[in-house]
Amino acid sequence: MPHFPLTKGRAHEAFGPGVHVFAFTLAARIGGQVLWVRDDWQADQINPTGFCDFIDPRDILVSVAKDQTDILAIAEEALRSGAVSLVIVEVSKALSLTAGRRLQLAARNGKSTALVIISDGMGSNAAETRWYCTPVFDPYDSTLHRWDIIKNKSGTLGAWYVKWDAASRRLSMVSPAGQRTGSTGAPN
Amino acid sequence: MPYADARAFCPDLQSRPADPARDQRFLHILRRWFTRYCPWVGIEGADGLVLDVTGSSHILGGEDAMLADMRARLARAGLSVQIGLADTRGAAWALAHHADGVAPPNDMLGALRSLPVAALRIDDKTNIALQRLGLRKIGDLVTTPRAPLTRRFGPDLLLRLDQALGAQPEQITPIAEPPHYAVRMTLPEPIGLLNDVVAGAERLLIQLCTKLKAQEMGVRVLCLTLRRVDQDHQQVELRLARALRDPDRIMPLFKQGLEAVEAGFGIDQMRLEAVQLEPVPIRQINYVTTGQKDKLNDLITRIGTRIGLENTLRFLPADSHIPERSFLIAPAAYSEPEGGWSTLRPRPLRLFPPEFIAGSGSQPPKWFRWRGMSLTSARAIGPERIAPEWWLNDENWRLGVRDYWHVQTKQGRRLWLYYTPQNPHWFVHGEFA
């Protein structure tokens with residue numbers, strides 16, 4: 001699949017209802033240690049018994065910070081240190097251009113990848129790519145997702161239907177439902 | 001004597017529960033204080049100290065002046081003391097326990113003659129037997145023929161006698177000082193530049209780490225106290241994710257704290273103390289065990305200086321079928337990663353506190369609203385019944401057993417719903433995607 005895994009040493013953004021699957025798939029493809037940075041007030045939390053199909057929960061550390069400044073500072077520190085191969089940053093407020101640019105520089109210095117999980121329309125222009133991820137209903141499969149790349153600094157845009165195979169831990173691309181042979185598409 | 005009887009004699013008597021461990025600790029503190037008089041200080045029994053003052057009494061102007069000084073200082077501290085001073089350890093013990101005084105030099109027998117035989121550090125059994133024989137004073141014992149005494153009581157009694165009288169040698173074993181993990185530096189001129197403070201801290205750190213290495217210890221919490229010219233002081237604390245003793249690794253972690261120091265008119269004294277220590281045995285360095293892992297621990301420390309060391313967490317497996325309790329969250333700095341993750345059934349990627357949705361019946365609702373979205377369920381897998389752990393009183397499980405359903409909606413969302421048959425309600429508990 002083009003553009004995936006995401007370019008190393010850059011900061012990327014993703015949003016949408018299927019963004020967690022995107023993040024864990026990316027972590028599984030990159031491998032190595034992952035740092036997940038998020039707000040401490042968030043009641044939603046990632047569940048290790050769920051994502052152990054993607055990565056080993058031993059390889060993930062979670063930092064909880066009290067505000068966005070701390071979150072970005074931690075992310076920058078972690079990216080710059082090069083001790084983790086992927087930093088996943090969950091932000092709740094809009095990301096300014098300065099903040100995005102700083103993450104970009106930190107990722108370049110530490111040669112690690114940053115993935116910022118944003119809300120819709122809250123990204124910064126400094127991001128290398130921006131992805132919209134959403135799960136798609138498929139009567140035959142329960143892992144089908146549609147990933148749209150909606151911003152790309154170094155390539156074209158596109159959309160892909162992918163599914164995650166938990167047994168072999170790989171991502172496979174599938175044709176869109178309407179074009180599949182022998183498929184009638186999703187019933188209404 | 002029972003307490004009631006003792007109260008009858010002395011109405012003001014106060015009682016406290018005995019705490020031998022604390023008494024011992026106090027005795028060790030007192031031992032340390034006594035090194036002001038001489039370097040050889042040991043512990044004697046449960047309630048005594050033994051000092052070898054040979055060659056150090058002249059500093060305070062002779063033995064009598066030294067004893068007077070000791071008595072005065074201890075009386076000021078509220079301690080009553082019995083002191084015996086003699087040429088031998090045995091005689092000094094006898095005087096301290098039974099006479100309290102100074103024996104004239106080279107005449108032990110003269111000082112001990114009138115003391116009871118118990119002053120010879122003998123056990124109770126021997127003491128009672130000697131009393132029955134009519135040998136009550138040490139003077140009586142000296143004049144008795146030695147051979148029958150040895151035959152009857154063994155060599156121990158006469159050994160004690162000879163030690164007291166100086167015919168047999170006896171050593172004093174001073175207790176070694178416990179290693180002290182603090183170093184300090186006093187500066188001739190106050191400093192204020194960041195580079196100077198960093199250089200000073202580095203010097204102290206190298207000294208401290210040399211000490212740590214010799215004792216095979218590593219430091220977990222470091223505290224640097226900077227005293228300023230105006231008597232104010234500032235502290236920089238560093239908490240490490242792993243016990244370390246390598247100055248090259250600790251120093252970069254310290255810098256962030258040093259930048260926040262307000263030097264004022266200048267700093268003229270620095271003190272670096274290892275507050276919390278852990279044993280770190282020397283081990284073979286290889287590429288696999290070090291490198292990346294060290295970098296990660298340094299990162300946890302550096303993040304910890306900003307948000308606190310306990311806010312970087314890791315997941316540990318737990319043995320429970322309750323979804324919320326099937327894993328533990330522990331601070332990464334105080335735990336080791338553990339494997340053994342396995343799930344029999346797919347579990348959602350995200351869990352949240354159960355959110356109520358409208359629905360009825362034991363089958364998942366065909367249509368429901370959740371977080372402002374209206375969703376139509378297209379496929380449901382389940383139910384999977386999970387019963388509460390009755391041995392734990394969990395507020396979240398007061399609605400009883402839960403039937404979990406993996407519901408796929410036409411809108412794409414894949415949710416983890418549950419139904420509580422004992423109290424018919426529907427909830428959303430997690431999301432698969």
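User: At what angle do helix α8 and helix α9 of chain B pack, and how far apart are their axes?

Analyst: Happy to walk through it. Please keep in mind that this is a predicted model. To read a helix pair, take the angle together with the spacing of the axes. Here α8 (residues 146–153) and α9 (residues 155–165) of chain B meet at about 125 degrees, and their axes are 6 Å apart. Angles of 65 to 115 degrees count as roughly perpendicular and those over 145 as roughly antiparallel, so α8(B) and α9(B) are oblique to each other.

User: Which residues make that contact?

Analyst: From α8(B) come Arg146(B), Leu149(B), Thr150(B) and Phe153(B), while α9(B) brings Pro155(B), Leu157(B), Leu158(B) and Asp162(B). By residue class, five of these are nonpolar, one is polar and two are charged.

User: Where is Asp394(B), and is it buried or exposed?

Analyst: Asp394(B) sits in a loop of chain B, between β11 (373–386) and β12 (402–409). With the same cut-off, under 20%, its 19% relative accessibility means that Asp394(B) counts as buried. The side chain of Asp394(B) makes a polar contact of 2.7 Å with the side chain of Arg325(B).

User: How should I read distances along the sequence against distances in space?

Analyst: Ala111(B) and Val261(B) are 150 residues apart in sequence, and 64 Å lie between their C-alpha atoms. Ala111(B) is in helix α5 (residues 108–112) of chain B. Setting aside neighbours within four places in sequence, Ala111(B) is in contact with Ala103(B) and Pro104(B).

User: Zooming out, which domains are assigned in chain B?

Analyst: The assignment gives domain 1 (28–165), domain 2 (182–300) and domain 3 (350–431). For spacing, compare domain centres: taken over C-alpha atoms, those of domain 1 and domain 3 of chain B are 82 Å apart.

Key:
Residues numbered from 1 in each chain as written. Chains lettered and ligands numbered in written order. Predicted model: local features only at pLDDT ≥ 70, side-chain atom pairs only at ≥ 80, totals over all residues. Heavy atoms only, no water. Helix = DSSP H or I, 4+ residues; strand = E, 2+ residues; numbered from the N terminus. Buried < 20%, exposed > 50% of the residue type's maximum accessible area, 1.4 Å probe, protein only. Polar contact = N/O pair within 3.5 Å; in protein donor to acceptor, adjacent residues only side chain to side chain. Domains from an automatic or database assignment. Axes fitted to C-alpha atoms, helices over the stretch in contact; angles between N-to-C directions. Parallel < 35°, antiparallel > 145°, perpendicular 65-115°, else oblique. Contact = heavy atoms within 4.5 Å. Nonpolar A, V, L, I, M, F, W, Y, C, P; charged D, E, K, R; others polar.
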